[in-house]
Amino acid sequence: MKRYIHLLLFILLMSSPLLLSAQVVDQEVHHVVFQVTKGEVADQNKAIAQLNNILKALPNAEIEVVCHSGALPMVLKEKSQVLEGIVKLQSRGVVFAACENTMRRAKASKEDLVDGAITVPSGLAEIIIKQEQGWAYIKAGN
């Protein structure tokens, strides 16, 4: 019986790379604008996980994450609680954009943003423009 269990575990272990690679849906370039508005850490962790899931399925996706409203702290150096996740996603080409309207209200400057983050004049306008250009839209969260 032990041999059977060991053999089964061995087969499962050896097939795990195949299972991971099976998650790739296609290699095409997809354009995704991803909206984050919530400031709770749990919501931001969900967004990071969702972004990673997109990149597992669509490894060549071009993704811009628009952070506005309550999500501004996500991209602020001194306040981000998901900085490690952001840095890893940036290394895979994901762009994080902060809304300048929200930044003004929060009295935040471009220097306050995590390295590599960009700004857009209006988060909502950025999403509208991306959608008009054919980008897929995703609202982070539930």
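**A guided reading of the predicted chain**

Asn45 is found in helix 2, which spans residues 41-57. The model in which this residue is seen is a predicted one. With a relative accessibility of 41%, Asn45 counts as partly exposed, because that value falls between the limits of 20% and 50%. Along the sequence Asn45 stands 37 residues from Val82, yet in space the C-alpha atoms of Asn45 and Val82 are 6.7 Å apart.

Helix 2 also holds Gln44. Is Gln44 buried or exposed? Gln44 has a relative accessible area of 3% and is therefore buried. Residues up to four places away in sequence being left aside, Gln44 touches Lys38, Gly39, Gly70, Ala71, Met74 and Val82.

The chain as a whole may now be considered. Its secondary structure consists of five helices and five strands. Followed along the sequence, these elements give the pattern α-β-α-β-α-β-α-β-α-β. The protein chain has 142 residues, of which 37% count as buried. Among contacts with a separation of 6 or more, 72% are made by residues 24 or more positions apart.

The confidence of the prediction should be kept in mind. The mean pLDDT of the protein chain is 89, and 84% of the residues reach 70 or more. Over residues 6-10, however, the pLDDT is below 50, and this stretch has zero contacts in the model beyond near neighbours in sequence.

Helix 3 comprises residues 83-91, and its buried residues are Gly85, Ile86, Leu89 and Gln90. Why do these buried residues line one face of the helix? Seen down the axis of helix 3, they fall within an arc of 135°, so they line one face. The face turned away from this buried side carries the exposed residues Glu84 and Ser91. The cover over the buried residues of helix 3 includes helix 2 and strand 3. Just after helix 3, Gly93 takes a positive phi of about 100°.

Helix 5, which runs over residues 123-132, can be read in a similar manner. Here Gly123, Glu126, Ile127 and Lys130 are buried. These residues lie on the same side of helix 5 because they cover an arc of only 100° around the axis. On the other side of helix 5, Leu124 and Glu132 are exposed. Against which strands do the buried residues of helix 5 pack? They pack against strand 1 (31-36), strand 2 (62-67), strand 3 (95-99), strand 4 (118-120) and strand 5 (136-139).

Ile129 also lies in helix 5. Its relative accessible area is 41%, which means that Ile129 is partly exposed. Ile129 and Val33 are 96 residues apart along the chain, and their C-alpha atoms are separated by 9.9 Å. Just after helix 5, Gly134 takes a positive phi of about 95°.

Positive phi values are also found in residues other than glycine. Ser69 has a phi near 60°, a positive value although the residue is not a glycine. This residue lies in the loop between strand 2 and helix 3, and at 43% relative accessibility Ser69 counts as partly exposed. Lys107, also not a glycine, has a positive phi of about 55°. Its place is in the loop between helix 4 (100-105) and strand 4. Lys107 has a relative accessible area of 75% and is therefore exposed, since the limit for that class is over 50%.

The empty space inside the model remains to be described. Rolling a probe the size of a water molecule over the atoms shows where empty space is left. How many cavities of 30 Å³ or more are counted? The count comes to one, and the largest cavity has a volume of about 50 Å³. Its lining is formed by Gln35, Val36, Thr37, Lys38, Asp43, Lys139, Ala140 and Gly141. These lining residues divide into two nonpolar, three polar and three charged.

Terms used
Residues are numbered from 1 along each chain as its sequence is written. This is a predicted model: local features need pLDDT of at least 70, side-chain atom pairs count only at pLDDT 80 or more; totals for chains, interfaces and linings use all residues. Side-chain values use heavy atoms; hydrogens and water are left out. On a 1 Å grid over the protein atoms alone, a cavity is a set of points where a 1.4 Å probe fits but cannot get out, and a pocket is an open set with protein on both sides within 12 Å along at least five of seven lines; lining residues have an atom within 4 Å of a point. Grid points are joined across faces, edges and corners, and a volume is the space filled by probe spheres set on the points. Ala, Val, Leu, Ile, Met, Phe, Trp, Tyr, Cys and Pro count as nonpolar, Asp, Glu, Lys and Arg as charged, and the others, Gly among them, as polar. Buried means under 20% relative accessible area, exposed over 50%, partly exposed in between (1.4 Å probe, protein chains only). Helices (H or I, at least four residues) and strands (E, at least two) are DSSP runs, numbered from the N terminus. The arc is that of the directions from the helix axis to the C-beta atoms. Contact means heavy atoms within 4.5 Å. pLDDT is the predictor's confidence in each residue, from 0 to 100.
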